[in-house]
Amino acid sequence: MSRVAVLTPDPADPSYASQWPGVLERLAGALAGVGITAEPTPWTDHVEDASGLTGYPLVLPLIVWGYHRDHERWMRACATWAEARMRMLNPAEVIAWNSDKSYLGRLADHGVALPETVWVEGVTQADVDAAFDRFGTDVIVVKPRVSGGAWKTLRLSRGEALAGPPEGPAMIQPYLPSIETDGETSLLWFGGRLSHVVNKRPVAGDFRIQVQFGGQYVLLPEPPPAALALAQKTLAAIDEDLLYARIDMARGADGEWLLMEAELIEPDFYLDSAPEGGRRFAEAVKARL
């Protein structure tokens, strides 16, 4: 069987210890079905020296959960992997820039629709107050530019004091009520082909759709045509050599689909909902070996 390395979280970070082994099991099971052995290794073991990875025909950075907690080390690791010119997919250069949500601004410059966004270097009460007036809304969301799993993300109502804001560069957007009524929709792509579509909804009263907050996931038979068009436009604007992509979107106030994230680093593929348990993902990997 062929061997590939799958990068996993920092063993010193217990945040995802109850979740990522299950994700690894699903990935490894799908790959085993096409004759590929997945060998896990913590990404933090290869920050300064890539020699432990260069013997693999392919490295998959699929479970590097928690990189946002130590972004400086993450960027050093990406530089190390890029310099070593190992076969990593998605490429080290891509997973470096995709770790900072400022990439969304560049996609907007290419005509990709996303929620109106204010970019700040450090969130202040004045920034929040100005955003309410600019957006003409009574609820906003404040996010760190480097984040994951709704980490340090705040939902604020007009008149509510800013408390515990994210440190450093951040983004402010109007809150989309559709998150509660219609959820967020993810389109999963492997090898440039659409695999499956998953709708994710938060529990009542919450806005976080992640499973650790009780989010409910449902497989959709097909994507809404306008959602598919936005995903295709997003991928065309990214224009990179991608093995996989998860394009997350939600509806704006006028019903228009808006890009929330283009997840190119370590997205959960929801393989338990994927056709044939993720065989399309496995075949895309096999095609690259």
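D239 is exposed, with a relative accessible area of 63%; here exposed means over 50% relative accessible area, buried under 20%, and partly exposed in between (1.4 Å probe, protein chains only). The structure is a predicted model, in which local features need pLDDT of at least 70 and side-chain atom pairs count only at pLDDT 80 or more, whereas totals for chains, interfaces and linings use all residues. Residues are numbered from 1 along each chain as its sequence is written, and side-chain values use heavy atoms, with hydrogens and water left out.

D239 lies in the loop between α7 (225–238) and β11 (244–251), and its phi is near 50°, a positive value in a residue other than glycine. Helices (H or I, at least four residues) and strands (E, at least two) are DSSP runs, numbered from the N terminus. Y270 also has a positive phi, near 55°, but is buried, with a relative accessible area of 5%. This residue is found in the loop between β12 and α8. The peptide bond from L89 to N90 is cis, with omega near 5°; N90 is placed in the loop between α2 (71–84) and α3 (92–97). Most residues other than glycine have a negative phi, and most peptide bonds are trans.

The chain contains 8 helices and 12 strands. Its radius of gyration is 19 Å, which agrees with the value near 19 Å of a compact globule of 289 residues; the radius is taken over C-alpha atoms, and the globule rule is 2.2 Å times the number of residues to the power 0.38. The C-alpha atoms fill a box of roughly 60 × 40 × 35 Å along the principal axes. Of the 289 residues, 52% count as buried.

An open sheet of 3 strands shows parallel pairing in the order β2-β1-β3, where two strands pair if DSSP finds at least two bridges between them. The edge strands, each pairing on one side only, are β2 (36–42) and β3 (59–60). Helix α1 (residues 20–32) packs on this sheet and touches β1, β2 and β3, its direction making about 155° with that of β2. Contact means heavy atoms within 4.5 Å; axes are lines fitted to C-alpha atoms, for helices over the stretch in contact, and angles run from 0 to 180 degrees between N-to-C directions. Strand β1 (residues 2–8) is joined to β3 by 2 bridges, and A5 has V59 as its bridge partner in β3.

Elsewhere, β5 (residues 139–144) and β6 pair in the antiparallel sense over 4 bridges, with V142 opposite L154.

F281 touches, among others, L27, A30, L31 and F190.

A274, in the loop between β12 (257–263) and α8, is buried, with a relative accessible area of 9%. A274 and L188 are 86 residues apart in sequence and 9.1 Å apart in space, C-alpha to C-alpha.

Terms used:
Lists of a residue's contacts leave out its neighbours within four places in sequence.
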